[in-house]
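This report describes the architecture of a single protein chain, from its overall fold to selected residues. Please consult the sequence and the structure shown below while reading.

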Amino acid sequence: MASATNPLRGANINFVAVARLSDRTVVAYTSHGASVEMSGVRAVLDPSQMSSVEANKHYNFASNGLAWHIESDGAMWIYLAITGTTYPLRHAAGLLQDLRQTFAPKADKGLNARGEGVLNGDLQGKFARLCAQYDDLANVDQLHATLAKVETVKIVMQDSIELALANCVSLEAIDQKADELQSQAGMFKTRAKKLRSQMWWKKCKMQLLIAFVVIAIIGVLIVIIMAYTGQFDKDKKKK
């Protein structure tokens with residue numbers, strides 16, 4: 001294991017580093033209030049000691065009065081932090097997440113870089129500020145509380161936006177149904193007018209038929225009466 005001494009009594013963050021997963025080369029690192037032997041870091045990261053590192057799993061162990069925290073993206077990089085043994089695990093996890101984000105812009109440059117600490121010139125200052133930020137527990141607690149509130153607000157806003165979008169979709173569906181009903185109502189009105197016209201003509205035809213039948217019946221009755229009363233015989237005698 002790596003040896004580290006911490007001359008700043010009570011300091012929480014001692015060391016951070018980023019190593020390639022493929023060959024375990026530490027491409028960027030910085031110490032914060034501690035003297036860390038890189039040979040020890042190399043020994044911890046050596047595949048014989050840590051043959052596999054699962055993606056997004058937090059590994060931690062204690063050695064020489066210090067706590068080691070290790071995570072990986074499972075593809076290219078290993079992220080390492082050395083803290084005090086009483087340092088909260090949730091803050092150590094937060095430190096490694098921020099370490100990822102700080103390193104991300106230089107990740108492509110580090111893929112083919114040769115030599116230990118080759119990216120220190122680009123990242124050591126940023127790593128140092130990150131260590132100082134997480135070394136102050138009160139500040140970290142306040143920061144995380146603020147971030148939690150921001151995240152809560154984001155979730156509420158997202159829910160509100162989704163609800164508004166859902167309402168918009170519902171309103172659009174209602175408008176579409178209203179248009180369809182209006183169209184159907186127009187078609188029904190047209191068909192009703194056509195049916196009313198057809199029924200009127202049918203009624204007229206029926207009335208004409210009834211009138212013709214009545215007239216025919218009356219005519220037949222007149223002929224029968226005239227025949228029965230002998231009107232046709234009188235007409236013949238006159239002739």
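**Overall fold**

The model is predicted. The protein contains six helices and seven strands, and along the sequence these elements follow the pattern β-β-β-β-α-β-β-β-α-α-α-α-α. Its 239 residues include 29% that count as buried. Of the contacts between residues at least 6 apart in sequence, 61% join residues at least 24 apart.

**Nonpolar cores**

The largest nonpolar core comprises 22 residues, and Val16, Leu99, Phe103 and Phe127 have the most contacts inside it. Two or more residues of this core come from each of the elements β2, β3, β7, α2 and α4. Another core, of 20 residues, lies apart from it; Phe15, Val36, Ile78 and Ile82 are among its members.

| Core | Number of residues | Residues named |
|---|---|---|
| Largest nonpolar core | 22 residues | Most contacts inside it: Val16, Leu99, Phe103, Phe127 |
| Another core | 20 residues | Among them: Phe15, Val36, Ile78, Ile82 |

Not counting residues up to four places away in sequence, Phe127 touches Val16, Val18, Ala28, Tyr29, Thr30, Leu99, Thr102 and Phe103.

**Helix α1**

Helix α1 spans residues 38-45, and its buried residues are Met38, Gly40, Val41, Val44 and Leu45. These residues lie on the same side of α1, because they cover an arc of only 155° around the axis. An α-helix has 3.6 residues a turn, so residues three or four places apart point the same way. The cover over the buried residues of α1 includes strands β2, β3, β4, β5, β6 and β7.

**Arginine 20**

Where does arginine 20 lie? Arg20 is in strand β2, which runs over residues 13-20. Is Arg20 buried or exposed? Arg20 counts as buried because its relative accessibility is 4%, and the cut-off for buried is under 20%. The side chain of Arg20 reaches the backbone oxygen of Gly110 at 2.8 Å. Leaving aside neighbours within four places in sequence, the residues in contact with Arg20 are Thr25, Val27, Met76, Trp77, Gly110, Leu111, Asn112, Ala113 and Arg114.

How values were computed:
Residues numbered from 1 in each chain as written. Predicted model: local features only at pLDDT ≥ 70, side-chain atom pairs only at ≥ 80, totals over all residues. Heavy atoms only, no water. Helix = DSSP H or I, 4+ residues; strand = E, 2+ residues; numbered from the N terminus. Buried < 20%, exposed > 50% of the residue type's maximum accessible area, 1.4 Å probe, protein only. Polar contact = N/O pair within 3.5 Å; in protein donor to acceptor, adjacent residues only side chain to side chain. Contact = heavy atoms within 4.5 Å. Core = buried A, V, L, I, M, F, W, Y, C linked by side-chain atoms within 4.5 Å. Arc of directions from axis to C-beta.
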